[in-house]
Amino acid sequence: MSGHARRVAASLAVAALGLGALAGVGLPAFYESFLYLIFSWIALATSWAILSGYAGYFSFGHGAFFGAGMYTTATLAAVFGVPFLWTLLAAGAVAAALAAGVGAVIFRVKRLRGELFGLLTLAITFVLATIVLNTPIDGGPGVYLSGVPMPRLLASPTGTLYLLGLVLAVATVAAAHTIAHSRLGRGLYAIHDDEDVAEVEGVPTLRYKLVAFTVSAGIAGVAGGIHAMYVSYVTVGETFAITVPLYVVLMSVLGGARHWLGPAVGAVVIASSLYAFTGGQHAVLGRAVVALALILVILFLPEGVVPTVLRHWRSRARRSETAVAVRDPAAAVSAPSLVPADPLVCHDVWKAFGGIQALRGVSLSVAPGEILGLVGPNGSGKTTLINVISGHYAADRGRVALGSTSLTGRPAHEIAGRGMSRTYQIPRPFGHFTARENVALAATFGAARCSPGEARQEAQGWLEFTGLGSRATAFPHELNLHERKFLELARALAARPRVILLDEVLSGLNPSEITSAIGLIRAIHARGVAILFVEHLIRAVLELSDRVIVLNEGEVIASGSPQEVMRSDQVIEVYLGKPHVVA
Amino acid sequence: MGGLGGARSPPSWLVPSATLLGQSVVSGLLAGGLYGLLALGLSLSWGLLRLVNLTHFALALLGAYLTYQLGHVLHVSPWLAAAAIVPAFFVLGVGLHAVFAYFRVAEFASLLVTFGLAVILESVIQWFWTADYRRYETAYSTASLRLGPLFVPTLELLACLTAAALAFATWAWLRWSYVGKALRASAEDPAIAAAFGVNHRAQAFLLSGVSAAYAGIAGVYIALIATLAPSQIWAWLGVVFAVVIIGGLANPIGALLAGFLIGVSESLTMALVTPAWAPLVSFSILIVILVLRPGRV
Amino acid sequence: MLVRLLTLGTHGALAGLVLFALAGAALAAPSGPPIRIGGTLALTGPLAPTALLHKIAGEIYVEELNRGNGLLGRPVEWVLLDDQSKPDVTRSLYEKLITVDKVDLIIGPYATSGILAGMGVAQRYQKLYVHHSFGMPHLAKYEMHFPTAAFGPEPQRTMPTTVFEALAATTNPPKTIAIVTSKFPSAQYQSNGAREVAEKRGLKVVLYLEYEFGTRDWGSLAARVKDANPDVVWIGALGLDGNQMLEAMKKLDYTPPRHFHLFPAPGPLALAPDGKQALSVTVFEEHPPFTSNPGAAKLIPLFRERATKANVPYPYIETQVAGSLAAWQVLEAAVTATKSLDDKTLGQWLRKNRVDTIIGKLRFDGPNNYGDDLFKVKQVQDGKWVIVWPRESAAPGARLLPP
């Protein structure tokens, strides 16, 4: 956590304590209930953002968890006489369980992202609302809580609710802050930018999404439980209205959905504005004015209030940034990678896509510390093979193993954890991460498993190694193609892999860049890392490879030393065609 | 608090008459047609312009109120009203997009902006027409065609046919016209499309205008079929969003079919069991389709 | 002695009202610091259509008070806030009115959920809580609440009884009934009661359906009703559900012989072509004998004028508006009789006295402070609501028209 963030967190803690003290003093009840509503929205919006803002899975179902919490408390307290505070635990648990169940099904299906996820979560809200409306949970008449005794935490009921709301809001913002700065947070942000790449870099995407969703829902459930006591008469129509799911999105977008404090700021702005014009003569006009203000804010601050403000502060602070202590790149280079490396073995791998057989029984092996070149015409299956080895696709048949560890069928993040790294032909860096953060992510989640603090230093070291040390704080869109390719390499290396899969790393580079890239690959090789590299540039293949394998239409047609393979008739025929005119 | 005796609907083993079943299918199809009509513009702008346009609903209701005003107060026939509303709304749509283009509004920021605009429109509507209910009665409000034992309400049928016609026309336009192809190309890869000479800006304005015009047309039918109150803007949100997404973004025929699917599943539920279960059935079907069917959008 | 004084007080209040109605202009204008009466209404949101009527009612009443002698000689100010149809906002705003704005008295908002939300607040601060649109009497447990929606303590029993008695008294009483109700709490509650009462009275329930509020497609419901072919349809509707249902049935070329609507938006149903001979319940309509109730003569034209100016399609006082006016009258009566603004005093007075209002004599000494069920059966005849049962309350010469 940077010093700046520490300062912000400290000032917020002070503010929270101050607000808490206020309750003890005893404000007029209206301020307590007005502030309670603001706290409630802070908790709802911030909890929503934990999954939807950080990981980008926009959920329109936050109302379902809120409602589940409301009805859990209402039922337990009013019907079964459970003390109110215990019902809050149950409310959070029920909502969390609901999310876990839903997530376990939905998150496994790759195509259910983006709008489909939003729709599914919205649908779940309607389904839950209908079930509650038609079963004895509510059945129609609503649940009446006036008879439920309010715990006397403070002198007045409004004060108690205020305190509960405050505690929840503070806890939620603290949780958001903690998550945002933790490995979980890094992983979620990576998922947001490019989920498949994140998985391949070692982020356990399914687990992280589930955790984020469950935490988010649990908080909403507790907020719902408290709210049930606030309104004291719970009906389906009010509870499952479109208000909660819609407003949490608006609040987070306004404040900045990616930032831990953004949704809270948005919640304060929007929730207060609900009261700004409740005067009877101005009600209609007031709403229009508030809406106009919101529009203006988001038009001029498109990333949200908090990120825009922070960017202004940071751009002033950037100039005075201290140099990051770097682990000696030479040491990094010469340090042995991991415990004795094992060969990478593919045995009889088959993969088809619909009617297209991309790989037909491909078998190969890469010895520890070897450079294996993989060549073949376009469409021969080279990238598919890399995708299968790294776990992006599962092979239909066959085995992939690293030494004695089988990699077949494992999720990509586990394969990454075993020491596999890859680069992409068209670089896929995480767009919202700086160069250093990109590399640090791999260091955190790859086989190296660094702590967040170490990872930063590691990352700087690898950037120096690839010549990008001075570009550490640049964003990918500010880098040119060559730099982005080297960023891919740095990222792949930071995971301390045993095997690196390079997918056409030289394509698109000019001759001098190619020379420096080849030098870099040699340097990597010198560390003892095995390399499987796909390349079209024959010169590079000949210079670098220890052995070469030729793929054509999914089959291995030649294997051996570079010179042998390049002179083989079959290979020449595949590339250039059969000679009809004998020279 | 469970009410006296609880809800006991007629036992479901009581087989409903074929007429009842047939009538509900008709009813569901027609309701679905209106959903599809509303979904059309939204689907286009979301799919092709990457803008989630909540203002669409407010525009539809504004169109409805204008139809009411022209018809009920100034005694202009709804078809003439439509002739005035459609071009006016096209211009409104173009203007709306000017704002988006100028500020380069991203997808989820557009949600906030269009929400704000929808609230402003709602306030404008309430300012002029008050919050009280308005109903545009016409001579043919309750007319229907007979198809054997079944009744097909005329106005709803017209709305449904218009929806189908517009869906097909839009599909054909997107598929075969230059503009349509250009729009689809831009949506898929703006940089490459631009390299091929696609003027995305102009196309986007055109599409935004068309979208808004569709909202206006939907509004004319809403005025004829439903009763108006300012808060009705939000009544259609959930179901139309579902229709848009099931149908697939920027898929006009898909929107129409999805509308039918939801309409019929709701109305069959209402015909066969306790009507209050209807949303459960339609949304459960939705969930099952999305989770199980492979290769969906 | 006390009783006589209190009775005198009631009569005094009544006399005062009449005097003020007759000689308003001659009296001195109210002076001094205003008496502030706070309340909220759903000025925006889904409940706004009907809340608008309550707003107009309150405005004309307060203006009329101020044209006369105000309350206790002081001008009256209505501090009205918009609760946006949301109970949580309602609760918070009542807290604002009481603890921040420090109003002298409060008056309830529109509709059951909002009233309940406000009731909790009123209870905490022991404020007098007069309200006009509460539909679930068994939930109102605060001892200082006073309802002018005169349902009586058991509306689920008494209201259907009144309705069925009215139907039974016609020449061709119905033998079968279909009940189609919204799942809105108060509607469902009373429609459930209707089913029990019907069964007890030997009226065969051929169909009982509950639909969720927010239903958009009425075709299937209409088809089921037509299929069941009842003699009378009881529509547990709020707002416009009844209209939509009738239209949907008309499109199937079916008009139920008799149809009853529970809580319809009064204007649209009366004005709709399909609303012919629709039945509902009411506590007031603009015809004798109700036009001679306290305040009616003055308030009817005032409301007509203001509502017309506000473009309200049906600018006549009916049950919603009358209930609202009665609430103001109850407040005024209590304050004037006790010469006090102290909530406890007012509450005690109200529990022991009857107030004669535009909807009749109200008493609050029954269970949960409910008195008599004052609801009568009304019917749409020639585009207006006309009370048809019981006979002594019916408009002169009016009767329940058979199908």
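1. Helix 3 of chain C (residues 87-100) lies across strand 1, strand 2 and strand 3 (105-107) of that chain. The angle between helix 3 and strand 1 of chain C is about 170°. Axes here are lines fitted to C-alpha atoms, for helices over the stretch in contact, and angles run from 0 to 180 degrees between N-to-C directions. Contact means that the C-beta atoms of two residues, placed from the backbone, lie within 7 Å. Helices (H or I, at least four residues) and strands (E, at least two) are DSSP runs, numbered from the N terminus. Helix 4 of chain C (residues 112-124) also packs on the sheet. Helix 4 touches strand 3, strand 4 (129-131) and strand 5 of chain C, with a direction at about 165° to that of strand 4.

2. This is a predicted model: local features need pLDDT of at least 70, side-chain atom pairs count only at pLDDT 80 or more, and totals for chains, interfaces and linings use all residues. Residues are numbered from 1 along each chain as its sequence is written, while chains are lettered from A and ligands numbered from 1 in the order in which they are written.

3. The sheet in chain C is open and has 5 strands in the order 2-1-3-4-5, with parallel pairing. Strands pair if DSSP finds at least two bridges between them. Strand 2 and strand 5 (145-147) of chain C are the edges, each pairing on one side only. Neighbouring strands of this sheet are turned by 25° against each other on average, direction ignored. Strand 1 (residues 35-41) and strand 2 of chain C run parallel and are joined by 7 bridges. Gly38(C) has Val79(C) in strand 2 as its bridge partner.

4. The peptide bond from Pro288(C) to Pro289(C) is cis, with omega near 0°. Pro289(C) sits in the loop between strand 10 (279-282) and helix 10 (296-309) of chain C. The bond from Trp389(C) to Pro390(C) is cis too, with omega near -5°. Pro390(C) belongs to the segment after strand 14 (384-389) of chain C. Leu72(C), not a glycine, has a positive phi near 55°. The loop between helix 2 (48-67) and strand 2 (76-82) of chain C holds Leu72(C). Leu72(C) counts as partly exposed because it has 16 C-beta neighbours inside 10 Å. A residue is buried if 20 or more other C-beta atoms lie within 10 Å of its own, exposed if 12 or fewer, and partly exposed in between, with C-beta atoms placed from the backbone.

5. Glu553(A) is not a glycine, yet its phi is positive, about 50°. Glu553(A) lies in the loop between strand 11 (547-552) and strand 12 (555-560) of chain A. With 15 C-beta neighbours inside 10 Å, Glu553(A) is partly exposed.

6. Chain A as a whole: 23 helices and 12 strands. Its C-alpha atoms fill a box of roughly 100 × 55 × 45 Å along the principal axes. Of the 583 residues in chain A, 54% are buried. Among contacts in chain A with a separation of 6 or more, 75% come from residues 24 or more positions apart.

7. In chain A, 8 residues of domain 1 are in contact with 7 residues of domain 2. Helix 7 (residues 183-200) of chain A gives the largest share of the domain 1 side, 3 residues.

8. An open antiparallel sheet in chain A has 4 strands in the order 4-3-6-7. Strand 4 (356-366) and strand 7 (405-406) of chain A are its edges. Strand 6 (residues 397-402) pairs with strand 7 of chain A over 2 bridges. Helix 15 (residues 382-390) of chain A lies across strand 3 (344-353), strand 4 and strand 6, at about 65° to strand 4 of chain A.

9. Between chains, 40 residues of chain B are in contact with 39 residues of chain A. Helix 4 of chain B supplies the largest share of the chain B side, 13 residues. That side divides into 30 nonpolar, 9 polar and 1 charged. Ala, Val, Leu, Ile, Met, Phe, Trp, Tyr, Cys and Pro count as nonpolar, Asp, Glu, Lys and Arg as charged, and the others, Gly among them, as polar.
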